Amino acid sequence: MDDTAFDPAALPEAANEDRTALVGAGTGGIARAAELLRAGRVVAFPTETVYGLGADATDDRAVAAIFEAKGRPRFNPLIVHVAETAAAEAFAVPDDRAHRLAETLWPGPLTLVLPRRADAPVSLLVSAGLDTVAIRVPAHPVAQALLRAVGRPVAAPSANRSGEVSPTTAQHVLESLGGRIPLILAGGKAEVGLESTVVDLTGPRPLLLRPGAVTRETLADLLGEPVDAAAGDPERPTAPGQLTSHYAPRARVRLAARDAAPDEALLTFGPDLRKGPRVENLSEAGDLVEAAANLFAALRRLDRPDVAAIAVVPIPDEDLGAAINDRLRRAAAPRPEQPGTT
Ligand code: TXA
Ligand code: MG
């Protein structure tokens, strides 16, 4: 592939699935994706948590195009991705706590919400009107290479249409956003499989806004103080990701199930002999890391038109199980008329 001949302006506006290029990182894909991002277009790319739908965070129109592509009902604040911790200081004000977490956990599946610098060269739309900004340094080598090639901060929510579960493969992104974006950079299956842990460091006490692979215990150990879980006041969410219904498949989700009814599919965990087209085991070995990595793909596979509900067996609430159960509770929550999904 001759990247020098690639003209992003020549790409048609998203029209149908055929117009979305699915490109591997090794075949000039990173250069193409970087060029599109620098031209103000929206591109999907892999991270170790889930696939992201990226746009130049310094470009208002590009950031707005993310919301358009997702069909998001409202402007939720977005995570700004940078290649290294030092780059974050241009638009956020990190304190000692932020430095401590960043030193150990970046690059990785952690997002820090920090006070926004008044002169931050980042679209106001990224902060959705708040005087804070969420930042993450992803570890995935393709995300790292892309961010370095772009040379600008990249705003990115999960690369799914609003209301769908987050994508953990390039194929999921194609199914969800094919025809709506010019390019999907493929980089294998997302290793973690759950969105990043989000911690708010703008107040006197650190607040866990969204559980993820970095656990509350790990954060508390590093900070030397307890980390409160954000009280999920559905009327006034600090992180719109806290809105109760979220990560929702079309089928209903029934938790704490033992068996599946005839019109239900079964999502199970651990040694379980039940098999079949309507059964998914998150981890036969009972490994919560493997279960997290499989969660969203398994929900998608079970979310078939002939399935009225997905029955989910109890998942241990320790370690990554806390994050898995958080996502499952959201998937099971009653749906508001206008879901605040990200
Ligand atoms: O793993 C991830 O975090 C993925 C990958 C692509 O990085 N991104 C992701 O983005 O999950 P999104 O937009 O689906 O979720 C971002 C979460 C939301 O719950 C949002 O409300 C919260 O972060 N958030 C972003 N900026 C915030 C801010 N300034 N204050 C409070 N919460 C914020
Ligand atoms: Mg999302």
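1. In this predicted model, helix 4 crosses helix 8 in a right-handed sense. The contact draws on Arg97, Arg100, Leu101, Thr104 and Leu105 from helix 4, and on Thr218, Leu219, Leu222 and Leu223 from helix 8.

2. Two packed helices are described by the angle between their axes and the distance between the axes. For helix 4 (residues 96-105) and helix 8 (residues 216-223), the packing angle is about 120 degrees and the axes lie 9 Å apart. Helix 4 is therefore oblique to helix 8.

3. The loop between helix 3 (85-88) and helix 4 contains phenylalanine 91. Is this phenylalanine 91 buried or exposed? Its relative accessible area is 3%, and because buried means under 20%, phenylalanine 91 counts as buried.

4. Leaving aside residues up to four places away in sequence, phenylalanine 91 touches Val80, Val82, Pro115, Arg116, Arg117, Ala120, Pro121, Val122, Val133, Ile135 and Pro153. Between phenylalanine 91 and leucine 114, which are 23 residues apart along the chain, the C-alpha separation is 9.3 Å.

5. Helix 6 (residues 141-150) has Val142, Ala143, Gln144, Leu146, Leu147 and Val150 as buried residues. The packing partners of these buried residues are helix 1 (25-38), strand 2 (43-45), strand 4 (79-81), strand 7 (154-155) and strand 8 (183-186).

Key: Residues are numbered from 1 along each chain as its sequence is written. Chains are lettered from A and ligands numbered from 1 in the order in which they are written. This is a predicted model: local features need pLDDT of at least 70, side-chain atom pairs count only at pLDDT 80 or more; totals for chains, interfaces and linings use all residues. Side-chain values use heavy atoms; hydrogens and water are left out. Axes are lines fitted to C-alpha atoms, for helices over the stretch in contact, and angles run from 0 to 180 degrees between N-to-C directions. Helices (H or I, at least four residues) and strands (E, at least two) are DSSP runs, numbered from the N terminus. Angles under 35 degrees count as roughly parallel, over 145 as roughly antiparallel, 65 to 115 as roughly perpendicular and the rest as oblique. A crossing is left-handed if the near helix is turned anticlockwise from the far one by less than a right angle, and right-handed if clockwise. Contact means heavy atoms within 4.5 Å. Buried means under 20% relative accessible area, exposed over 50%, partly exposed in between (1.4 Å probe, protein chains only).
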